[in-house]
Amino acid sequence: MKKILKAKTRIIAVVMTCALALGMAGCKGKDDSKSAVSDKISYTLTEEANQEIELPNSPISSFWFPAELLTWNSDEDPDFAYNVSTVPLQERVEKDKLSTINTTQNKDTKVMAISIMNSSTSGNSPHGKSKFSANTFSYWQYVDTLVYWGGSAGEGIIVPPSPDVTDAAHKNGVPVLGTVFFPMLEHGGKIEWLDDFLRKDTAGNFPMADKLIEVADKYGFDGWFINQETQDSLTKNHAVLMQEFIKQCKEKAPEGFHIVWYDSMTKDGEMNWQNALTQENDYFMIDSEKNKVADSMFLNFWWGSSELKNSRERAEQLGIDPYELYAGVDVQANGVMTPIEWKNFENSSTSATYTSLGLYCPSWSYFAAETIDGYDKNESRLWVNEHGNPAIDTKVSGSTWKGISTYIVERSVVKKAPFVTNFSMGNGYSFFINGEKVSNRDWNNRSMADVMPTYRWIMDSEGNNDLKVYTDYANAYYGGNSFRFYGNMDANKKTDIKLFASDLAIEKSMTVSMALKASHKTTANLVLTMEDGSTKVVNGDKAVSTDWTVVGFDVSKLAGKTVRNISVSIAAKEKASGYELFLGNLSILNGPLETTDVTSAKVDADGCVFDEENMYAGVRLSYELPGTEHVKNYEIYRINQDNSKSLLAVTTNACIYIDRLDRSGESLTTTFEVVAVNQEGVRGKGATTSIEWKDNSIPRADFTASTTLIPEGGSVTFESTSTQNTEGLLWEFEGADVTTSEEASPTVVYQKEGTYKVSLTAKNAKGEDKKEIEGFITVNNKAKDGLVNLALNQNTEASAYVNENEAPQFAVDGDYSKKWCATGNPPHTLTIDLGEVKTISQVAIAHAEKGNESPDMNTQKYKFEVSTDGNEFTEIVNITKNKAGMTMDTFKAVDARYVRLVIVKPTQGGDTAARIYEVEVYGINK
């Protein structure tokens, strides 16, 4: 979602490391558990992170091919702790205690969302990073199961959910399933993967079944969605084994482990989508002895006038709950413009639906949006209706999108105290604590997303009150956003805002409060709908002012009663146009909680990586705590030299990755503090640890040249790529018209044939560094007509390629619309035979983006090697941090017949497929 991101240039930094665990460099870690928290924290605003820096030790969410998962061991996985969801699945209000709020909702119909929560299978941070953009889905009240959609032939086909998604879903009582995706042959699928998946051991057990159960259990999610669409060499035996596999999973798995089968492969092992429950696919729902197989089935999208009706009838005949069948609707491409014949879904004889509803890629709302407001509008239209109010019946007809609230009763987890929400979406352009802005850094961490109002939005107003609702990222009580109600208010006229459905028994010790602020003095009262249908109004203990105001509501007189709905009623003291009210927190507590004290906790810097200038670091922190019963989240700070604090991250997890940490001044030490925060927002005493930075006071010299092979009279433009702490430069050019220069990017001319040395000295007050390359510039009059692409249409060999349409010769055919593509584990190699020995000095690559693929698919790490005989190769180029779609690399001219491209890291993430649209080798004939 490009326009939601703040515009930032991305430049790649080369990294250096220092030793510790995790198989990479580490940092010297110092444990210091003394308290550093005062009653009143002095904050120094955390500045925006440098988005140009990329550091390689970031933990990533998991993905595997079957053979890889079979060898996976959590004890040996350095990222394991980061991928564990820490939020248990919350219990929802029973459906018989929920109320329908429009005439077409029913309590039995459910929704399964198969959603792209991260834009790729690979390269995803488990708990976000210092950037705003993320699919912060928040309409959980309309979802009963979330399938975390992922998997590709180039990355991995077994994909557990990233833990931030599981955390957010579990807070809302939504189970989350990982994906097992066997792609079609034309999308890179291999029958070997299915065979590996379904292989038995000598005892008749499926090792992969044990692994799927293990991963779900250790990572803390709820099961798997299996989509088998690999059609090559498929047999009936595959279907037989798959049924047996699912049954064994269900027999071995703990209670609550769920498997969903996708309607694709039939009982005879054919790829034949039924779009219904039929005798061809019910084999995966129930066996011949009427034993249950999969828990649910997602029906393919092409159902028409009878498929869902017939599916319900067959389900009832077989003893299957028809609401465990999900009628598929594909909204990935067109979202709310997708035409759906709803009459085929609706059961006119019962005023209900034939089956439940399955949405494929409701993530359209996010990926189609160009602005934050656009994302909000997409979500509201998709999940609610055209009114943005579920209490108003939809007026659309025919195949127009109705909105999910048309059929689905809003779910709720408001059943007991403590219940606390700051209405956080799980991201922000800044971070607020108790209404104070403490950080200007972009962030996202969906583990920090809160439970949103059940009803979005139902407002009943008196007089001429007229308010609209927006997600506001400029104001928050805790986190990155609040809800802003904006419009006109008459004096002393009420607007009631319905917030939460509930099944909440009020206890004598219970306290209720809201954090609000308004542009005009406002009264706020709590409105409770009780179990018997009566309404109780509880007055707020103070008026809402222009600053954040925590308004308390005394509910003690209602002890012993049960609340079904929670609303807030607001009234401005005077007439106001341009009225604003911000809703920042609702807290329902059973008396004060004990302050969580982490004074005795141990905090460790488990590993860190620095950029080459030692100005930025990626740091892994973990912390052991004496008790977590009342902990809501942890705040991680940097302690500054003036003893103020800068907030770096907030998380629910017991480990955190600090990305793009900037060095503070010239200090060689950075001290971190971890503070636990309980449900009341009370902070315990902090525990600290430190890392040591290397002395980077002396600059490092480096440079590039526009070309290195020129004719007499040719010019070369040089560019200093020396470190940022460089204060002065001195160039020395052998054989050029200018022998020295102090410019950052000088241009010089060479008049005579020969080879010439170039040197650059980088200086500052602390010292200097010199880089010198002998014979860097070659002047040869054979280059007077320009350098020639010597690789064009030459013979090629490759380590692998997908098929004849993506063979290696397409990398040298001069056509940027065709590519060489290789799958499997890297490195991938492409060798070009120039026919005879030539003199070469630069190479160009058209990567995936040049062929109109995603920039995420551009080659990140590659190198070039050359040889005169095809046996002994010498490295001439080594690039480790490319992001560009088109690259040109220059080097000291060399003689070569064979040029070998080595793809070390094919993409920006974990996709292992090389995508090269052209390789050009420039030089002259000998």
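Modeller: The model is a predicted one. Take helix H6, which covers residues 307-318. Within H6, the residues Leu 308, Ser 311, Arg 312, Ala 315 and Leu 318 are buried, each having under 20% relative accessible area. These residues lie on the same side of H6, because the arc they cover around the axis is only 135 degrees. Among the elements that cover them are strand E9 (296-299), strand E10 (325-330), strand E11 (346-347) and strand E12 (352-353). After H6 comes Gly 319, which has a positive phi, near 80 degrees.

Now the strands elsewhere. Strand E22 (residues 482-489) has six of its eight residues buried, so E22 is largely enclosed by the rest of the structure. Strand E20 (residues 466-472) runs antiparallel to E22, and seven bridges join them; here Thr 471 is opposite Phe 483 of E22. E22 also pairs with strand E29 (residues 576-590), again in the antiparallel sense, over six bridges. In that pairing, Tyr 486 faces Glu 580 of E29.

Another group of five strands makes an open sheet with mixed pairing, in the order E38-E44-E43-E40-E41. Its edges are strand E38 (709-710) and strand E41 (740-741), each pairing on one side only. E41 is joined by two bridges to strand E40 (residues 728-733), and the two run antiparallel, with Glu 732 opposite Thr 740 of E41.

Methods
Residues numbered from 1 in each chain as written. Predicted model: local features only at pLDDT ≥ 70, side-chain atom pairs only at ≥ 80, totals over all residues. Heavy atoms only, no water. Helix = DSSP H or I, 4+ residues; strand = E, 2+ residues; numbered from the N terminus. Expected span 1.5 Å × (residues − 1). Buried < 20%, exposed > 50% of the residue type's maximum accessible area, 1.4 Å probe, protein only. Arc of directions from axis to C-beta. Contact = heavy atoms within 4.5 Å. Pairing = 2+ DSSP bridges.
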